[in-house]
Amino acid sequence: RRDEPSLRIKALVELDAVSPFDVPLSRGGPGAQWRVRASYLAATTSLALGEIDDALSRFESITVAKPSNERDERIIELAWMARARIHHDNGEADLAVQAYRRISRDSPFFPEAMYETAWTLLADGRHDRALQALDLLLVYDPRSPIVPEIKQLRGKVKIQMRDWKDAENEFLALRREFDELSKHLGRQLEAKSDAASYFSAVAAEDMR
């Protein structure tokens with residue numbers, strides 16, 4: 001829409017009124033319970049306007065805040081993720097990895113942070129460290145729904161390393177896993193044509 005930038009600017013003004021950018025979040029003030037959320041929305045609005053440096057400064061101000069509750073803690077983690085992604089897009093791999101590493105293993109965003117860390121390291125040509133990040137992720141949650149993507153990325157890393165044999169083995173192993181799952185699920189679906197039976201069989205395989 002033609003008026004979208006002006007609407008974003010107006011939104012930024014409103015959000016800055018709730019949480020002034022030049023007032024540290026730790027200082028609190030009226031509406032203190034909303035400040036972290038308002039600051040995060042303001043940072044994302046600034047980023048959408050293409051104000052990269054301003055957005056980065058705003059996200060940085062959030063990451064130094066002291067969370068008073070779990071909700072704010074999650075928002076601060078999202079701010080670290082945002083900083084990491086901006087550095088990744090700017091080709092600043094070291095800064096991106098440092099930001100991703102601020103996401104602890106107790107965070108629900110940890111798998112996503114580790115997966116994106118692997119992509120950052122791969123783009124920077126650090127193949128061994130990219131594999132280490134993916135291996136850690138597989139150990140952390142071997143039943144994660146993105147395990148096939150992790151294994152596929154492992155194969156891509158090994159292609160980048162020109163380790164053709166290991167890359168082929170990665171993809172063949174992944175294919176065998178899918179073939180086995182397909183056969184196992186297929187046996188349960190024999191002579192079952194209704195939707196309820198189909199989804200019951202899928203649920204039995206824990207396919208989130």
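This is a predicted model: local features need pLDDT of at least 70, side-chain atom pairs count only at pLDDT 80 or more; totals for chains, interfaces and linings use all residues.
Q: What makes up the secondary structure of the protein chain?
A: Ten helices and zero strands. Read from the N terminus, the elements go α-α-α-α-α-α-α-α-α-α.

Q: How many of the residues of the protein chain count as buried, and what cut-off decides that?
A: Of its 208 residues, 35% count as buried, and the label needs a relative accessible area under 20%. As for the surface, the protein chain exposes about 12,900 Å², with carbon and sulfur atoms supplying 53% of it.

Q: Why is Arg58 called buried, and why is Asp54 called partly exposed?
A: Arg58 has 7% relative accessibility, so it counts as buried, the limit being under 20%. Asp54 comes in at 26% and therefore counts as partly exposed, a label for values between that limit and 50%.

Q: What makes Asp54 and Arg58 a salt bridge?
A: Their side chains meet with N to O at 2.8 Å, and the cut-off is within 4 Å, so the pair qualifies. Both residues sit in helix α3, four residues apart, or about one turn of the helix.

Q: Are Arg74 and Glu77 buried or exposed?
A: Arg74 has a relative accessible area of 18%, so it is buried. Glu77 counts as buried as well, at 6% relative accessibility. Both values fall under the 20% limit.

Q: What links Asp94 and Arg126?
A: Another salt bridge, with the side chains meeting at 2.8 Å, N to O. This pair links distant parts of the chain: Asp94 is in helix α5 and Arg126 is in the loop between α6 and α7, 32 residues apart. Asp94 has a relative accessible area of 45%, so it is partly exposed.

Q: Which members of the largest nonpolar core touch the most other members?
A: Phe59, Ile103, Leu134, Leu153 and Val157, out of 38 residues. Elements giving two or more residues to this core are α2 (35-48), α3 (52-63), α4 (70-89), α5 (93-100), α6 (110-123), α7 (127-140) and α8. The one that gives the most is α4, with eight residues.

Q: What does Phe59 touch, beyond residues up to four places away in sequence?
A: Tyr40, Ala43, Thr44, Leu47, Ala79, Ala82, Arg83 and Ile86.

Q: Why do the buried residues of α5 line one face of the helix?
A: The buried residues in question are Ala93, Ala96, Val97, Ala99 and Tyr100. Seen down the axis of α5, they fall within an arc of 160°, so they line one face. Their cover includes α4, α6 and α7.

Q: What makes the nonpolar surface patch, and why can Ile159 belong to it?
A: Ile159, Trp164 and Phe171 make the patch, which is about 290 Å². Ile159 has its place in helix α8 (residues 147-160).

Q: Why is Glu170 called buried?
A: Glu170 has a relative accessible area of 13%, so it falls under the 20% limit. Glu170 lies in helix α9 (residues 164-189). Setting aside neighbours within four places in sequence, Glu170 is in contact with Lys151, Arg154, Gly155 and Lys158.

Q: Where does Arg8 lie, and what is it in contact with?
A: Arg8 lies in helix α1 (residues 4-18). Apart from neighbours within four places in sequence, Arg8 is in contact with Thr45, Ala48 and Leu49. The C-alpha atoms of Arg8 and Leu49 are separated by 7.3 Å, although the two are 41 residues apart along the chain. With a relative accessible area of 28%, Arg8 is partly exposed.

Definitions and conventions:
Residues are numbered from 1 along each chain as its sequence is written. Side-chain values use heavy atoms; hydrogens and water are left out. Patches are made of residues with over 30% relative accessible area and no salt bridge: like charges are joined within 9 Å, nonpolar side chains (Val, Leu, Ile, Met, Phe, Trp, Tyr) within 5 Å. Accessible areas come from the Shrake-Rupley method with a 1.4 Å probe; for residues, only the protein chains shown count as cover. A nonpolar core is a set of buried Ala, Val, Leu, Ile, Met, Phe, Trp, Tyr and Cys residues joined through side-chain atoms within 4.5 Å. Buried means under 20% relative accessible area, exposed over 50%, partly exposed in between (1.4 Å probe, protein chains only). Contact means heavy atoms within 4.5 Å. The arc is that of the directions from the helix axis to the C-beta atoms.
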